[in-house]
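Please keep the sequence and the structure in view while reading.

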Amino acid sequence: VFTSDKEYPSLDNPDVGVRLLALYRYWNTIAYFYPYRDLITNWEKVLVDYIPIMIKADSRLKYELALASLVAKIEDTHAGITGYIKSTMDYYGHCSPAFSLAYIQNNWVVTKYLDVTTGPGSGVELGDVLDSINGKTVEEIVQSRLAITSASNLPTKYRNISWNLLKTNDSVMTLSFTRVGVAITKRVRTFPENNLSKLGFT
């Protein structure tokens with residue numbers, strides 16, 4: 001823990017100087033203190049590559065996503081961005097349907113109802129294979145999130161992506177599935193995260 005480093009909690013949208021400072025701090029921490037530094041290739045190039053990325057990250061969301069992709073470069077499951085990341089949370093969304101997914105044999109499969117009534121009532125069945133979300137293929141969405149998802153291997157990246165894959169800010173999602181070889185489409189209701197416990201979600 002670097003207790004002497006100054007924090008800037010009042011900067012909702014850090015200027016370019018603060019963004020570059022964040023890059024330099026993180027890069028040096030990994031370069032000089034990370035115990036697995038020898039497992040990272042081309043860490044010197046990461047600094048060069050991320051200077052223009054940080055300069056162009058001129059919104060809070062762009063900045064948070066740039067930091068997420070920077071952290072993901074070390075390929076460590078225990079590394080991540082915590083604290084004030086409201087823009088990232090808004091980006092993924094604050095609502096979810098009443099079921100969850102897991103990545104199984106190259107497919108995103110519905111594996112669990114989060115409520116014994118609302119889950120089955122969605123018309124989605126356990127074992128359904130998710131193909132698209134609101135008209136966008138799951139593969140396309142996943143590929144766009146790999147670079148900002150920190151993990152030591154691809155299966156763990158997929159696991160971490162599954163936690164946010166069904167998040168949205170909309171009250172309804174249009175989901176396409178394959179069920180025992182048959183293509184189906186469902187309009188599924190979603191629930192705010194702070195209301196899930198009221199429905200008995202686990």
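This is a predicted model: local features need pLDDT of at least 70, side-chain atom pairs count only at pLDDT 80 or more; totals for chains, interfaces and linings use all residues.

Asn106 lies in the loop that runs between strand 2 (99-104) and strand 3 (107-113), and its phi is near 70 degrees, which is a positive value in a residue other than glycine.

Asn134 also has a positive phi, of about 50 degrees, although it is not a glycine. The loop that holds Asn134 is the one between strand 4 (129-133) and strand 5 (136-137). With a relative accessible area of 43%, Asn134 is partly exposed.

Is Phe177 buried or exposed? Phe177, which is placed in strand 6 (residues 172-179), has a relative accessibility of 1% and therefore counts as buried, since buried means under 20%.

Once its neighbours within four places in sequence are left aside, Phe177 is in contact with Phe99, Val110, Val124, Asp128, Val129, Leu130, Asp131, Val182, Ala183 and Ile184. Phe177 can also be placed relative to Ile133, for the two are 44 residues apart along the chain while their C-alpha atoms are separated by 9.3 Å.

Helix 1 has 18 residues, and the distance from its first C-alpha to its last is 25 Å, close to the 26 Å expected at 1.5 Å a residue. Its buried residues are Val18, Arg19, Leu20, Ala22, Leu23, Tyr26, Trp27 and Ile30, and what covers them includes helix 2 and helix 3. An α-helix has 3.6 residues a turn, so residues three or four places apart point the same way.

The crossing of helix 1 and helix 3 is right-handed. On the side of helix 1 the contact is made by Arg19, Ala22, Leu23 and Tyr26, and on the side of helix 3 by Tyr63, Leu67, Leu70 and Val71. By class, the residues of this contact divide into seven nonpolar, no polar and one charged.

The 13 residues of helix 3 (residues 60-72) should span 18 Å at 1.5 Å a residue, and the end C-alpha atoms are 18 Å apart, which agrees. Helix 3 is mostly covered, with 11 of its 13 residues buried; these are Arg60, Tyr63, Glu64, Leu65, Ala66, Leu67, Ala68, Ser69, Leu70, Val71 and Ala72. The packing partners of these buried residues are helix 1 (16-33), helix 2 (43-56) and helix 4 (86-92).

Within helix 2 sits Val46, whose relative accessibility of 9% means that it counts as buried. Val46 and Leu23 are 23 residues apart in sequence, and from C-alpha to C-alpha they are 9.9 Å apart in space; Leu23 is one of the buried residues of helix 1.

## The pair of helix 6 and helix 7

The axes of helix 6 (residues 138-146) and helix 7 (residues 154-162) come within 11 Å and cross at roughly 110 degrees, so helix 6 and helix 7 are roughly perpendicular to each other, a description that applies from 65 to 115 degrees. In this pair, Val142, Arg145 and Leu146 of helix 6 meet Leu154, Lys157, Tyr158 and Ile161 of helix 7. The contact of helix 6 with helix 7 has five nonpolar, no polar and two charged residues.

## The protein as a whole

The protein has seven helices and eight strands, and its C-alpha trace spans about 55 × 35 × 30 Å along the principal axes. Of the 202 residues in the protein, 42% are buried. Among the contacts between residues at least 6 apart in sequence, 55% join residues at least 24 apart.

Technical notes:
Residues are numbered from 1 along each chain as its sequence is written. Side-chain values use heavy atoms; hydrogens and water are left out. Helices (H or I, at least four residues) and strands (E, at least two) are DSSP runs, numbered from the N terminus. The expected span of a helix is 1.5 Å times one less than its number of residues. Buried means under 20% relative accessible area, exposed over 50%, partly exposed in between (1.4 Å probe, protein chains only). Contact means heavy atoms within 4.5 Å. A crossing is left-handed if the near helix is turned anticlockwise from the far one by less than a right angle, and right-handed if clockwise. Ala, Val, Leu, Ile, Met, Phe, Trp, Tyr, Cys and Pro count as nonpolar, Asp, Glu, Lys and Arg as charged, and the others, Gly among them, as polar. Axes are lines fitted to C-alpha atoms, for helices over the stretch in contact, and angles run from 0 to 180 degrees between N-to-C directions. Angles under 35 degrees count as roughly parallel, over 145 as roughly antiparallel, 65 to 115 as roughly perpendicular and the rest as oblique.
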